[in-house]
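Please read them with the structure open.

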Amino acid sequence: MGFDEMDDIDTIWMDGEFVDWDDAQIHVLTHGLHYGSGVFEGARCYDTESGPALFRWEEHLERLFQSAKPYEMDIDYTKDELTEVTKDLITRQGLPSCYVRPIAFYGYNSLGVSPKDCPTRTAIAVWPWGAYLGEDALENGIDVMISSWRKHASSQIPTNAKTTGLYVNSMLAGEEARRNGYAEAIVLNKEGNVAEGPGENIFLVRDGELYTPGLSESILDGITRDSVIQIAEELGYTVHDNVSISRGELNTADELFFTGSAAEVTPIRKVNNVVIGNGSRGPVTEELQQKFFEIVEHGSDEYDEWFEYIE
């Protein structure tokens, strides 16, 4: 995402008000800045045939509120209120499709590690955003490396909370991969099994069946992950969604792909320069990807509950 894509975006919703983009600022001693004490979501609004619609918005908001619980963070707005201001914000910006970033964090009051007496700040921003890993990646796949950085365990920090500070782990893994000429990383958990990508869940295809690490493998319970599982099962595939995948199994997979709100459905063609399958988007990945984009671009009576229309 380049800042040139934000040239026409001039408004952010922050703490109950629509404010100018350049005025959406916080104090330098904000608790969340120093200790990573924030939670956030990444969602998409798609330009469907029935008009702009937030994809699985209810699930994203539910995860936002659930993420806040371990930190005893009280978000001062209801889900309905956040829905209305998000829809209003998208309308104000005139965006038929966009990326949506709600965030809640402990603000400025004191700077001890404890956030006691720090207010909870809440903001929502929207902006145009195309394919996260590039349009070519969706068709031809990407090369990834297994990071030397491990994913933290749920006994250390809640892995199913989408916490701002935890994405330092993702940043380290992703930047290590890019420095070494790869598009993205795969992160292993403390046991050495496959966890996920820095911002994506991962699926493995073997003998026509799908496998994806279970929640106990230190992964985020991805909403696009869940969408793909439902789509795959509807198409007749067997999905094993609570498994452990060893590092070595990646090399012998028929197909691999990432899922995520940003990455959508992105094929993986190489892992550490080992070619996966035939080195291109596999047939199962392609079918799931095409069905996913068919749903989000055209809408679907079958999956209508996944959409929150802007109008």
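**Cavities in the predicted model**

1. The structure holds two cavities of 30 Å³ or more. Bear in mind that this is a predicted model.

2. Start with the largest cavity. Its volume is about 40 Å³. The residues that line the largest cavity are Ala-43, Arg-44, Tyr-46, Phe-55, His-60, Thr-224, Gly-260, Ser-261, Glu-264 and Phe-292.

3. Which strand gives the most to the lining of the largest cavity? Strand E4, residues 43-48, does, with three residues.

4. Where does the largest cavity lie? It lies between domain 1 (8-127) and domain 2 (135-298), because both domains give residues to its lining.

5. By class, the largest cavity is lined by four nonpolar, four polar and two charged residues. Arg-44 and Glu-264 are among the lining residues.

6. Next, the second largest cavity. Its volume is about 30 Å³. Asp-254, Glu-255, Leu-256, Pro-267, Ile-268, Ile-276, Ser-280, Arg-281, Gly-282 and Thr-285 line the second largest cavity. Two strands, E14 (255-260) and E15 (264-271), are the elements that give two or more residues to this lining.

7. How many residues of each class line the second largest cavity? Four are nonpolar, three are polar and three are charged. Asp-254, Glu-255 and Arg-281 are among the residues in this lining.

How values were computed. Residues are numbered from 1 along each chain as its sequence is written. This is a predicted model: local features need pLDDT of at least 70, side-chain atom pairs count only at pLDDT 80 or more; totals for chains, interfaces and linings use all residues. Side-chain values use heavy atoms; hydrogens and water are left out. On a 1 Å grid over the protein atoms alone, a cavity is a set of points where a 1.4 Å probe fits but cannot get out, and a pocket is an open set with protein on both sides within 12 Å along at least five of seven lines; lining residues have an atom within 4 Å of a point. Grid points are joined across faces, edges and corners, and a volume is the space filled by probe spheres set on the points. Helices (H or I, at least four residues) and strands (E, at least two) are DSSP runs, numbered from the N terminus. Ala, Val, Leu, Ile, Met, Phe, Trp, Tyr, Cys and Pro count as nonpolar, Asp, Glu, Lys and Arg as charged, and the others, Gly among them, as polar. Domain bounds come from an automatic or database domain assignment.
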